[in-house]
Amino acid sequence: MWTSVTLSANIFRDALWIMRRRPSVALTWPPSVFCETMNSSMIMPLTVIRNRLRRSPLRRIVMSYRHRGIGDADVLLASYPRSGNTWLKSLIASCLLGEPLQNLSDTVNPVIPMVGYHRGTRPLLKNSGRVIKTHEGYRPEYKRAIWVVRDPRDVVMSEYKLEVRSNRCFGTFDEFLQDFIHQRVGGRATWQRHTQSWLDSDLHHCGNILFIAFEKLRAEPGEQLQRVLEFLDAPYDQSSIAKALEQNSIQMLAERHAAYDRTLGRTIRAEIPAVNRGLSGGWRDQLPPAAVQSIEQQFGDVMERVGYRRSKT
C-alpha cells in the first residue's frame, strides 16, 4: 500500500514540476494540440513519468486488466518489440481479410489488435478465435501462440532508433544499451527473460506454439507465412500469399506508420523511419564490439538456445 502511495506522490510531484515550468502546455487540450505545442524540454519530463509508471507495481495490475477476455481459441502473435511482429501481423491480416490494407487504424489494428484492445474484435478464426498481438512474455492466459524471435544484437539497434524517433530516449546508444540489458526499457522484461519465458512455457509441451525466426521470415517470407496460416487453420492459396507480400513491403509499412503517427498527432523525429530495412545480421557492421560483448555476456546462453551463435570476437 505504502509503495503505491509513495509512487503516486512522486508522480504528482513530477506533474507539478511540469505545470510550474510550462503551465500553458500542461493544461492544453485536446492531445493533438498538446503534441503540436510540445518541444524536447517538455517531452523529457513526461517521458520520465511514463517510464516510472511502466516500471512500477501498477504495471502488473494494468497488464492483468488488459488480458481479460482472452479465450482458449485465441492465438497470440507474440514477440519482443522490434522483432518483425508488425510485419507478420500485416501479412496475416491481408490473408485473413482477402483485400488490400488501407491503413493501420481502420484495417490492420481492428483485425489483429494489441492485447488490451481485443475486446469486441471480430473473430476470423475457427471456433470464434482471434489473432491478438502481444509483446509480453508467456502468460497462463495464452493457450496458443505464434512466437517470433530475432537476434537481440539486431533488436537493440532497431529499438534504439525507435525510442529516439518517438522522443522516449534522449541519451547515447551506450546508455540505452545498459537500459536494454538491465530491464529499464518500457517496463518490459529483458530480451533474455522474455525469450526464456516462451522457451520454457507449457505451450511447447502440447504443440500449441509456432516458432518463427525473424531471419527466416525475411529470407523466405512466403514459406513462413504459409506455416503461420496452416497453424491458424486459415484458408489460403499461393496467390493470396503472393498478394499479401506485395501489399506489405517495407516501404508500404513505413508509409502506413507515418500516416498513423499523423492521425494520432504524435510528436516524432520524422527523419528517422518507423520501419527500418529489417536487415538480418546488420549488427556485424553497425554494432560496436564492446556492445556485442556486453549483449553476449548477458544473453549468450539464451541466444544459443534459439540458434544465435556468439561472435568470435
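Cys 95 is buried, with a relative accessible area of 11%, where buried means under 20% relative accessible area, exposed over 50% and partly exposed in between, with a 1.4 Å probe and protein chains only. Cys 206 is partly exposed at 47%, and a search of the whole structure finds zero disulfides, a disulfide being a pair of cysteine sulfur atoms within 2.5 Å.

This is a predicted model, in which local features need pLDDT of at least 70 and side-chain atom pairs count only at pLDDT 80 or more, while totals for chains, interfaces and linings use all residues. Residues are numbered from 1 along each chain as its sequence is written, and side-chain values use heavy atoms, with hydrogens and water left out. The protein averages a pLDDT of 81, pLDDT being the predictor's confidence in each residue, from 0 to 100.

An open sheet of four strands has the order β2-β1-β3-β4, with parallel pairing; strands (E, at least two residues) and helices (H or I, at least four) are DSSP runs numbered from the N terminus, and two strands pair if DSSP finds at least two bridges between them. β2 (131-134) and β4 (209-213) stand at the edges with a single partner strand each, so one side of each is left without a neighbour in the sheet. Within the sheet, β1 (residues 75-79) and β3 (residues 145-149) pair over four bridges, and Ser 79 stands opposite Val 148 in β3.

In helix α14 (residues 238-247), the buried residues are Ile 241, Ala 244 and Gln 247. On the other side of α14, Gln 238, Lys 243 and Glu 246 are exposed.
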